[in-house]
Amino acid sequence: LQLVESGGGLVQPGGSLRLSCVASGGFPLDYYAIGWFRQAPEKEREGISCLENEHGKTYYADSVTGRFTISRDSDKATNTVHLQMNNLKPEDSGVYYCAAVTLITTVRSMCTHSIVHVWGQGAQVTVSS
């Protein structure tokens, strides 16, 4: 399985971006739990949103709750997961990584303990005026 992120860039505070993660190889993407992780400069990588594979449960870090939404593309053939980011803040800046794992205990644990089998290469998001 390979994961490729896209949709990053420079945006002003209060703006929006939508990141996409396209999978190739491996099983269809809905077989995997998917997460988005963020690494800001000089900070550890943190799980900000994760999506369960079986029941579609979601987890959001407190810092993004109410502003970010993780979802699988309605067309499963695209093998894509999105992260819609609204009302962006400068502290949202960083490299965003898509990640996948086949088996998790809880979607929360995937994010909080970085339970991941495959990582994407990352996409830079910069929120600045």
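F27, Y31 and Y32 form one aromatic cluster in this predicted model. In general, a pair of aromatic rings is described by the distance of the centres and the angle of the planes. By the rule applied here, the count comes to four aromatic pairs. The ring centres of Y31 and Y32 lie 5.5 Å apart, and their planes meet at 85°, so this pair is edge-to-face. The two residues are also described by their accessibility. Y31 is partly exposed, with a relative accessible area of 43%. Y32 is buried, at 7%.

F37 and W119 form another aromatic pair. This pair is edge-to-face, with 4.9 Å from centre to centre and 70° between the planes. It links distant parts of the chain. F37 belongs to strand 4 and W119 to strand 10 (residues 118–119), 82 residues apart. F37 has 0% relative accessibility and counts as buried because the limit for that class is under 20%. W119 has a relative accessible area of 32% and is partly exposed.

W119 also takes part in an arrangement with a charged residue. The charged end of R45 sits over the ring of W119, 3.8 Å from its centre. The charged end of R45 sits over the ring of Y97 as well, 4.6 Å from that ring's centre.

Nonpolar side chains tend to be buried together in soluble globular proteins. Here, the largest nonpolar core contains 38 residues. L3, W36, F68, L83, M85 and Y96 touch the most other members. Several elements each supply at least two residues of this core, among them strand 3 (17–24), strand 4 (33–39), strand 8 (80–85) and helix 1 (107–112). Strand 9 gives the most, with six residues.

F68 stands opposite M85 in strand 8. Strand 7 and strand 8 pair in the antiparallel sense over five bridges.

Strands of a sheet pair through backbone hydrogen bonds, either parallel or antiparallel. In this model, four strands form an open sheet in the order 1-3-8-7, with antiparallel pairing. Its edge strands are strand 1 (2–6) and strand 7, each of which pairs on one side only. Neighbouring strands of the sheet are turned by 15° against each other on average, direction ignored.

Technical notes:
Residues numbered from 1 in each chain as written. Predicted model: local features only at pLDDT ≥ 70, side-chain atom pairs only at ≥ 80, totals over all residues. Heavy atoms only, no water. Core = buried A, V, L, I, M, F, W, Y, C linked by side-chain atoms within 4.5 Å. Buried < 20%, exposed > 50% of the residue type's maximum accessible area, 1.4 Å probe, protein only. Phe/Tyr/Trp six-rings, centres within 6.5 Å; stacked < 30°, edge-to-face > 60°. Lys NZ or Arg CZ within 6 Å of the ring centre and 35° of its normal. Pairing = 2+ DSSP bridges. Axes fitted to C-alpha atoms, helices over the stretch in contact; angles between N-to-C directions.
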